[in-house]
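This report is written for a reader new to the structure.

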Amino acid sequence: MCSAEHLPALVGPHDENLRVIEEALSVRLQPRDECVEIFGEARAVEQARAALGRLLTSLERGQPPTLQEVHLALRQIRGGGLPPTEGADALEGPLIVTHRGRQVRAKTRGQIEYVRAAHNHDLVFCTGPAGTGKTYLAMAMAAAALRQGETSRVILTRPIVEAGEELGFLPGDIMEKVDPYLRPLHDALHDVMGADQFQRYLARGTIEVVPLAYMRGRTLNDAFIVLDEAQNTTPGQMKMALTRMGFGSKMIVTGDTTQTDLPAAIKSGLVHAIEVLGGLPGLAVVRLGREDIVRHDLVQRIVQAYESAERAGRDPRPAQE
């Protein structure tokens with residue numbers, strides 16, 4: 001099912017890609033000169049063929065499949081999450097090619113919907129559990145818009161909410177105190193564009209990574225704005241953030257509504273905004289689920305266990321000593 005040129009990358013080092021598929025589907029895979037023969041029950045053979053087809057599509061794009069992509073392909077095919085051909089042509093080309101030459105693409109139905117919504121709307125709310133790519137895809141889209149000249153600057157912001165350790169007890173001045181809260185945004189852009197280019201943009205002000213409180217009073221024209229961890233905003237903070245948008249600007253708001261660090265009596269600004277603004281022309285709401293998780297398979301099972309505990313009315317948090 002592939003050329004001799006592609007076969008080594010398809011099977012992986014020491015045939016590790018094939019071993020993962022064999023173990024997951026209870027099939028036997030035998031690489032030949034220009035193909036991989038599949039032996040097993042009919043349904044399992046079809047699923048293995050679909051998984052190999054996904055990996056071959058990645059190879060034809062010039063991207064050798066990783067073990068993470070093997071596990072993702074298997075999870076989606078076994079769960080019916082994404083047919084083998086869908087997603088290959090659902091979006092034209094990658095969102096961006098990183099400084100290491102890796103293509104960043106939407107990989108699940110939900111992620112495809114997310115990227116399409118961002119292409120077609122100036123304001124997008126994206127909710128979902130950890131590992132669904134909410135923040136990383138937003139960073140990739142912001143970097144791509146900057147690289148392609150579609151925006152003149154990128155503004156990345158998060159609310160600073162103390163969770164277990166008060167800012168006043170952390171060392172350093174105010175920017176040093178808030179840096180750990182903003183570090184995940186730095187890391188995502190480092191991965192996409194490289195540390196050197198990111199630092200150059202940061203020094204010039206082309207990219208800003210700032211606490212949400214620093215947005216008050218500003219009007220942001222011709223900017224790509226990403227508000228991350230938005231579940232930790234209050235309704236007042238969310239209104240302030242949304243009304244910063246100026247002419248030619250686009251905003252993506254991301255958050256996990258199941259993980260808020262706000263006091264119990266305060267409603268999440270993200271939840272409130274979706275309730276108040278949902279259906280408003282010009283904006284889109286995308287809800288990612290555990291089927292869109294692209295991290296370690298265990299993350300999906302962890303999220304599912306927490307959801308089951310919450311539905312059963314149990315508090316999943318351990319008892320305090």
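## Thr-127

Thr-127 is buried, because its relative accessible area is 8% and the cut-off for a buried residue is under 20%. The model is a predicted one. Thr-127 belongs to strand E5, which covers residues 123-127.

Leaving aside residues up to four places away in sequence, Thr-127 touches Lys-134, Gly-255, Thr-257, Leu-270, Ile-274, Val-286, Arg-287 and Leu-288.

## Gly-289

Gly-289 sits in the loop that runs between strand E10 (283-287) and helix H11 (297-311). Once residues up to four places away in sequence are set aside, Gly-289 touches Pro-129 and Thr-132.

A distance can also be given from Gly-289 to Val-303, which is 14 residues apart from Gly-289 along the chain: their C-alpha atoms are separated by 9.4 Å.

Ile-302 is found in helix H11. Is Ile-302 buried or partly exposed? Its relative accessibility is 41%, so Ile-302 counts as partly exposed, since that class lies between the 20% and 50% cut-offs.

Together with Leu-298 and Tyr-306, Ile-302 makes a nonpolar surface patch of about 270 Å². On spacing in general, an α-helix has 3.6 residues a turn, so residues three or four places apart point the same way.

Helix H9 spans residues 235-242, and its buried residues are Met-238, Met-240, Ala-241 and Leu-242. Which elements cover the buried residues of H9? The cover includes E5, strand E8 (223-227), strand E9 (250-255) and helix H10 (269-277). E5 is also the strand in which Thr-127 lies.

The axes of H9 and H10 come within 8 Å and cross at roughly 65°. This crossing of H9 and H10 is right-handed. On the H9 side, the contact is made by Pro-235, Met-238 and Leu-242. On the H10 side, Gly-269, Leu-270, His-272, Ala-273 and Leu-277 take part. Of these, Leu-270 is also among the residues that Thr-127 touches.

## The chain as a whole

The secondary structure of the chain comes to eleven helices and ten strands. The chain has 321 residues, and buried residues make up 48% of them.

Among contacts in the chain with a separation of 6 or more, 71% are between residues 24 or more positions apart. The accessible surface of the chain comes to about 16400 Å², and carbon and sulfur atoms account for 51% of that area.

Notes:
Residues are numbered from 1 along each chain as its sequence is written. This is a predicted model: local features need pLDDT of at least 70, side-chain atom pairs count only at pLDDT 80 or more; totals for chains, interfaces and linings use all residues. Side-chain values use heavy atoms; hydrogens and water are left out. Helices (H or I, at least four residues) and strands (E, at least two) are DSSP runs, numbered from the N terminus. Buried means under 20% relative accessible area, exposed over 50%, partly exposed in between (1.4 Å probe, protein chains only). Contact means heavy atoms within 4.5 Å. Patches are made of residues with over 30% relative accessible area and no salt bridge: like charges are joined within 9 Å, nonpolar side chains (Val, Leu, Ile, Met, Phe, Trp, Tyr) within 5 Å. Accessible areas come from the Shrake-Rupley method with a 1.4 Å probe; for residues, only the protein chains shown count as cover. A salt bridge is a side-chain nitrogen of Lys or Arg within 4 Å of a carboxyl oxygen of Asp or Glu. Axes are lines fitted to C-alpha atoms, for helices over the stretch in contact, and angles run from 0 to 180 degrees between N-to-C directions. A crossing is left-handed if the near helix is turned anticlockwise from the far one by less than a right angle, and right-handed if clockwise.
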